[in-house]
Amino acid sequence: MKNSFKKVALGGVITSNPTLKLVLGTCPTLALTTAAMNGLGMGAAVTFVLICSNLLISLLRKVIPNQVRIPAFVLIIATFVTIVRLALDKFLPPIYESLGLYLPLIVVNCIILGRAESFASKNGVGWSILDGLFMGIGFTLALTLMGAVREFLGYGTLFNVQIMNFQIGFFSSSAGAFFTYAVFIAVFSLVSSLISNKRKRKAFAKTQTPVQDCAKEVE
Amino acid sequence: MAQFIMIVVSAVFINNFVVVQFLGICPFLGVSKDFKSALGMGLAVTFVMTLTCLITYPLYALLARFNIEFLEIIVFIFVIAAIVQMIEMALKKFSPSLYNAMGIYLPLITTNCAVLGVAELVIDHGQMASLIGLSSPEMMNMGFAVLYGLFAGLGFTLAIVIMSGMRERVARLPISKHLKGFPIAMILACFIAMAFFVFALI
């Protein structure tokens, strides 16, 4: 039980991070990371839709016929996106404005359909909600981190607070978006391979020691 | 005529869907490994985008008349899914060779942000007026919407074809395994974006 919780939590945030590892939902990631605040707003909206759609799809997974499951998933997702859109428009107009066109485009965000297809349609309600939550957190973290880097380098600010007085136009442009994303994926892959190599070496060393001892005894 | 040129330049170059507005990045990175499939995907998306604008633009006016425009997302995604499904069936029936060539890309078009993106964009008259240089939002009409859909699709095709050419070359180079795949593709996209940025300065 505990192990599985750990697996779902770590999977969503780190080992299969939707943005950095699976490279899904790239459109909002590139477009909205000009500021760290956008990352939080988009992340929260996507997390809400992910949790709700995972919940409903998991509940209905035995009712929805296999042949029409994709249209059914899309309908469920589109419903929740409409709810988020109306709610943001009413209660948080500044965030609604800053997300703009990318808010309705959550419907076609591959992360949500991907989780519906590969997790929620096969697992229980509780696990699906958890998976939605942690996938959403992973997405939010990646977006906010990238947003912070680009905002700091591009405008010298962090969460709209002036920190340094410089501007590198490249990082706030669209070319900078691609570049920052590329660097993030490459660094993420490098760090995770270093960690797994270290683990492997440790495990290898553990299995090796008794053998070496035997060898010494033979000598 | 001047308006027509303005739409072409704006949709294809200045506000290129892929590298400036970040719409349709998934197929841009996923289906750009070789020239032929990139061109096929681009043209298929262009066709669907044009058809989508043609249907969703009047449909939105209809929804607005009944005061249920909040249903737009659900209605639009269903229109797009239906169009893609119909194209798939029509191709299967009338041109099996084309169907076999494009078969795997067709279902992907439904979840392409560029298609839903253009449908959402053309109904936003204020945004469109500034994008294609209309003097007032009221001047926006269905003709402009369909033209914008067509040329935005061609802009997508242009970007994905350029990308495929660059990736075919880069695939032969020795690259660190951490940069292989998505990161190097995004660095290439970064160069394309820089090239397109020049048009915004005009």
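1. Start with helix 4 of chain A, where Phe73(A), Val74(A), Ile76(A), Ile77(A), Ala78(A), Phe80(A), Val81(A), Val84(A) and Arg85(A) are buried. Buried means that 20 or more other C-beta atoms, placed from the backbone, lie within 10 Å of the residue's own. Helices are DSSP runs of H or I with at least four residues, numbered from the N terminus.

2. A word on the source. This is a predicted model: local features need pLDDT of at least 70, side-chain atom pairs count only at pLDDT 80 or more, and totals for chains, interfaces and linings use all residues. Residues are numbered from 1 along each chain as written, and chains are lettered from A and ligands numbered from 1 in the order written.

3. What do the buried residues of helix 4 of chain A pack against? Their partners are helix 3 and helix 6 of chain A, together with helix 4 (72-94) of chain B. Contact means C-beta atoms, placed from the backbone, within 7 Å.

4. Helix 3 (residues 36-59) of chain A packs on helix 4 of chain A at about 140°, with axes 9 Å apart. Axes are lines fitted to C-alpha atoms over the stretch in contact, and angles run from 0 to 180 degrees between N-to-C directions.

5. Now the chain contact. Chain A gives 31 residues and chain B gives 30 residues. Helix 9 of chain A gives the most to the side of chain A that touches chain B, with 10 residues.

Definitions and conventions: Contact = placed C-beta atoms within 7 Å. Helix = DSSP H or I, 4+ residues; strand = E, 2+ residues; numbered from the N terminus. Buried ≥ 20, exposed ≤ 12 C-beta atoms within 10 Å, placed from the backbone.
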